[in-house]
Amino acid sequence: MLPVLQIGPLAIQVPGLVLILGLWMGLNLAERYTSRQGIEPSSLYNLVFIALIAGLVGARLAYAIRYPQAFAASPTSLFSLNPGLLDPLGGTAAGIIAAVIYGQRKKIPLWPTLDALTPLLAVLTLASSLAHLASGAAFGLQSQLPWAIEVWGAKRHPTQIYEMLMASLMLIIFWPGRAVFKRWQPGIYFLAFCACSAAGALFLQAFRADSTLLANGIRNGQLAAWAVLAASLFAMGRLIKKED
Amino acid sequence: MLINLWTSWCPPCKAEMPALQRVYANYQGQGFEILAVNATNQDNLADATAFAAQKGLKFPILVDERGDVSRLYALRSLPTSFFVDSQGVIREVVIGGPMSEALLRIRVEQLLEE
């Protein structure tokens, strides 16, 4: 774990830094292959920028709506830099809605855009696993295996490293330079990445100790992964059928 | 309970102290406690005492003269705050600051509701 990098008087939050680097590298990688989908790199950058800003504002507002009394007592907290005051679901929803509105106004085609964004998603998944490793988040169940690591006062499954290996494998499989993806119809590349990532998450969630446990040992994250897997496969089926 | 490690030369530590005091004043009656541990091994005790008096801090200010608490709690950056539940389990660690008042209120209410 390396949550903070202290350089003189500067305390740099490593997870945040890793995510920003991941965003920059992912956008660079995506930009190299946007021409294949017929998308202008500037449109892709604008789309991501708008989604990010809307996501951040939405995440903070959604959190404030959940805890109105706390924000009423301290309204300036709305502008606080604390990442602990963000609602991930609200932020994701706001980011997606803003991206959809921008895409429709600029007449950006949906499936080619999602294909163009896939390399960014793959790099961000890898960056997210490194951020988890730095912060100690997404930690594993206690374990006596020889490769267990010491996290939060106990030997645990190194779930962050499992996550990193899985994300690296996904990035290799879905490397945008592969010729085979050129032959796939728009949308399949993105949906295949979503389906494989969801299948990977289903497996990894079984080793996690931090996510909410539902009935019969099934985790909240596994339920979400099943939903993404089913939706991706369904959409792939529809696209392929439409093409035939 | 909130364990807060701080020094008087650290700007974010000083910036979050008024919010800590307000939250302490609000929730102390419900069983909430703050232990503000001054990392005195890297601070000046006179400066720390003067700062606490100037800001009117009412919660206990503990003195870590040899850095034992800082080592035990693996202090990497100042300030660092530990939210501890009624069973003595650390539920959240906030590294860096300043923490906003809303964050403090929400976390304290969550601990008190359990």
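How many residues does the contact take from chain B and from chain A? It takes 15 from chain B and 18 from chain A, where contact means heavy atoms within 4.5 Å. This is a predicted model: local features need pLDDT of at least 70, side-chain atom pairs count only at pLDDT 80 or more, and totals for chains, interfaces and linings use all residues. Residues are numbered from 1 along each chain as its sequence is written, chains are lettered from A and ligands numbered from 1 in the order written, and side-chain values use heavy atoms, without hydrogens and water.

**View 1. The area buried between chain B and chain A.** About 1,300 Å² is buried here, and carbon and sulfur atoms give 59% of it. Buried area is the accessible area (1.4 Å probe) that two parts lose on being put together, summed over both. B:Arg76, B:Ile95 and B:Ile106 supply 37% of what chain B buries against chain A, more than any other three residues.

**View 2. The disulfide of B:Cys10 and B:Cys13.** Their sulfur atoms lie 2.2 Å apart; a disulfide is a pair of cysteine sulfur atoms within 2.5 Å. The S-S torsion is about 85 degrees, so the disulfide is right-handed. Both B:Cys10 and B:Cys13 are buried (buried is under 20% relative accessible area, exposed over 50%, partly exposed in between; 1.4 Å probe, protein chains only). The count over all chains is 1 disulfide.

**View 3. A:Cys194, a cysteine in no disulfide.** The nearest cysteine sulfur, that of A:Cys196, is 9.6 Å away. A:Cys194 counts as buried because its relative accessibility is 16%.
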